[in-house]
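I opened my notebook to look up a few things in a structure that was new to me. I went from the overall picture to single residues.

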Amino acid sequence: MPELRSRARRNRASVNPDLSPTPIDIVPQPDTNNKVTTRTRQRRTGQRRKREGAIVDVVDDNELNNNDDGHNNIVSGAGFETTPFGRKADEDIKKIRVLKEQVAEKKMDEYDSGGRSGDKGPGAEDDGNTAPLPEKVSVGGSPMYRTEKKLGKGGFGQVYVGRRIGATGPGALEVALKFEHRSSKGCNYGPPYEWQVYNALGGSHGVPRVHYKGRQGDYYVMVMDILGPSLWDVWNNNSHTMSIEMVACIAIEAISILEKMHSRGYVHGDVKPENFLLGLPGTPDEKKLFLVDLGLATKWRDSSSGQHVEYDQRPDVFRGTVRYASVHAHLGRTGSRRDDLESLAYTLIFLLRGRLPWQGYQGENKGFLVCKKKMATSPETLCCFCPAPFRQFVEYVVNLKFDEEPNYAKYIFLFDGIVGPNPHIRPINTDGAQKLIYQVGQKRGRLTMEDEEDEQPKKKVRMGMPATQWISVYNARRPMKQRYHYNVADVRLPQHIEKGNEDGLFISSVASCSNLWALIMDAGTGFTAQVYELSPYFLHKG
């Protein structure tokens with residue numbers, strides 16, 4: 001079977017080249033000290049290779065700037081050899097320093113998940129750019145801010161604390177400064193695409209406000225509300241556990257935040273614990289939940305027509321985080337509202353159980369193995385140690401159609417019975433969800449959970465045993481009308497084929513396993529008619 005790979009991550013170095021599909025038990029750790037670097041390629045002669053083949057010393061980033069005599073170091077790209085200025089040649093003080101190769105933006109076991117970076121000085125530069133961050137920032141008519149400690153780093157920029165110059169006292173007029181280098185992947189055509197999304201969503205429920213933005217030197221800068229720890233930080237600092245009530249409150253508020261974002265025509269595209277932040281401790285917002293990092297947000301609704309965007313599938317393109325991405329994202333399908341909710345479901349299960357079944361895979365085909373495992377894991381297995389509402393939520397969201405409108409009120413109602421009756425003493429502020437909870441109570445008369453269990457999802461898209469699951473992978477091509485059928489019994493095969501023929505679709509691929517069939521029908525075959533025969537034996541070539 002062809003391997004499903006994410007091209008956007010192909011150029012990232014592999015931490016472990018072992019391609020074994022056996023998951024490795026790894027407890028995720030946040031990236032605290034080590035920087036992410038890009039490897040520079042340089043030809044070396046045999047003698048130089050021998051000379052640099054000596055024992056190397058893995059050093060901390062901060063050592064690069066800690067010279068007792070105040071001299072500077074020149075760093076050569078290939079071997080990272082450091083040669084001090086102002087020292088005599090006979091002084092044998094040479095150290096080969098090799099920075100650890102890491103995958104993607106964060107040091108994790110899956111390219112995918114790592115807490116916020118440790119505190120670093122503003123002079124540190126993680127993206128391999130030569131231009132240092134400005135020590136003072138003023139953009140778009142903003143006051144002057146001093147760049148202080150680092151808060152975190154994502155796929156689209158770095159975030160630092162900015163303190164207004166002239167202000168005194170702890171927390172006096174602090175903001176978050178988000179820097180993105182002009183040559184980064186999000187700035188190919190001018191200001192970051194994320195700016196457009198914040199213009200449309202900034203300040204709405206659950207999205208931090210952007211006060212100023214502009215360019216200073218080689219960096220695009222946003223001045224934003226400063227926030228507190230992420231859900232990953234809270235989970236990690238609490239011995240990798242969270243209470244059921246806490247996770248249920250997170251579910252309620254996160255669904256309401258996504259509902260508000262979706263109502264404005266956007267899907268987030270990268271829902272995960274690291275992108276949910278609480279308010280700043282000690283402030284009235286410390287219990288509020290915020291969703292950040294909108295660099296992968298896309299529109300699910302066309303701005304001019306108001307209609308849902310067209311379906312497309314490009315298996316060579318992956319957007320998101322491997323651990324929490326929906327199956328549809330793995331398969332390269334156009335993002336829609338269902339993908340955010342499926343990623344949220346995986347986020348909730350991770351926070352509650354501390355682990356997901358597909359963690360620990362290593363190797364270049366990790367994305368394919370994770371996708372395969374997700375498809376083979378039923379909601380019952382995924383939520384075997386979770387309260388019933390979590391299983392029901394997973395069942396609802398994995399069965400949503402591409403353009404189907406989610407029933408956000410029903411999803412919130414599932415978790416409302418787990419948390420305490422008084423919203424004011426909940427661990428997370430759920431005021432934003434109360435309106436939706438009221439709506440579902442009025443419209444449905446506060447139906448019991450037993451009534452909910454009797455209602456069956458409209459469409460089952462993941463049926464059968466794990467051995468009968470398929471992943472369709474093929475080369476990218478121009479968008480065309482396509483239809484997929486899998487886990488189809490013999491008796492139902494003709495009706496799917498005939499219905500497809502009526503719509504101008506013909507079989508382009510077919511597979512069989514345990515008397516079940518998988519079909520791919522599309523309009524790009526060039527056929528005008530097609531004949532098929534169903535037989536228990538292999539047919540002779542005609």
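These are my entries, in the order I made them.

**Entry 1: the whole chain.** I noted at the start that this is a predicted model. I counted secondary structure and found 13 helices and 16 strands in the protein chain. The chain has 542 residues, and 48% of them count as buried. I then looked at contacts between residues at least 6 apart in sequence. Of these, 68% join residues at least 24 apart. For the accessible surface I got about 27800 Å². Carbon and sulfur atoms hold 50% of that surface.

Entry 2: I turned to the UniProt record next. Its unreviewed entry lists Lys178 under "binding site". Where does lysine 178 sit? I found it in strand β7, which covers residues 174–181. Is lysine 178 buried or exposed? Its relative accessibility is 10%, and buried means under 20%, so lysine 178 counts as buried.

I then listed what lysine 178 touches, leaving out residues up to four places away in sequence. Among them are Phe156, Gly157, Gln158 and Val159. Tyr220, Val221, Met222 and Met224 are also on the list, as is Asp293. Glu194 is there too. I checked that last residue further. The side chains of lysine 178 and glutamate 194 make a polar contact at 3.0 Å.

**Entry 3: helix α4.** I moved on to α4, residues 244–263. This helix has 20 residues. From its first C-alpha to its last, α4 reaches 28 Å, close to the 28 Å expected at 1.5 Å a residue. How many of its residues are buried? I found 15 of the 20, so I wrote α4 down as mostly covered. Glycine 265 follows α4 and has a positive phi, near 95°.

**Entry 4: helix α10.** I looked at α10, residues 408–416, for burial as well. Nine of its nine residues are buried, so α10 is largely enclosed by the rest of the structure.

Entry 5: My last stop was strand β15 (residues 506–513) with strand β16 (residues 516–522). In which sense do they pair? They are antiparallel, over seven bridges. Phenylalanine 506 stands opposite aspartate 522 in β16. The two strands form a hairpin with two residues between them. Serine 514 lies in the turn, and I noted its positive phi of about 55°.

Conventions:
Residues numbered from 1 in each chain as written. Predicted model: local features only at pLDDT ≥ 70, side-chain atom pairs only at ≥ 80, totals over all residues. Heavy atoms only, no water. UniProt positions renumbered as here; feature names shortened; annotations may be inferred. Helix = DSSP H or I, 4+ residues; strand = E, 2+ residues; numbered from the N terminus. Buried < 20%, exposed > 50% of the residue type's maximum accessible area, 1.4 Å probe, protein only. Contact = heavy atoms within 4.5 Å. Polar contact = N/O pair within 3.5 Å; in protein donor to acceptor, adjacent residues only side chain to side chain. Pairing = 2+ DSSP bridges. Areas by Shrake-Rupley, 256 points an atom, 1.4 Å probe, with all protein chains shown as cover. Expected span 1.5 Å × (residues − 1).
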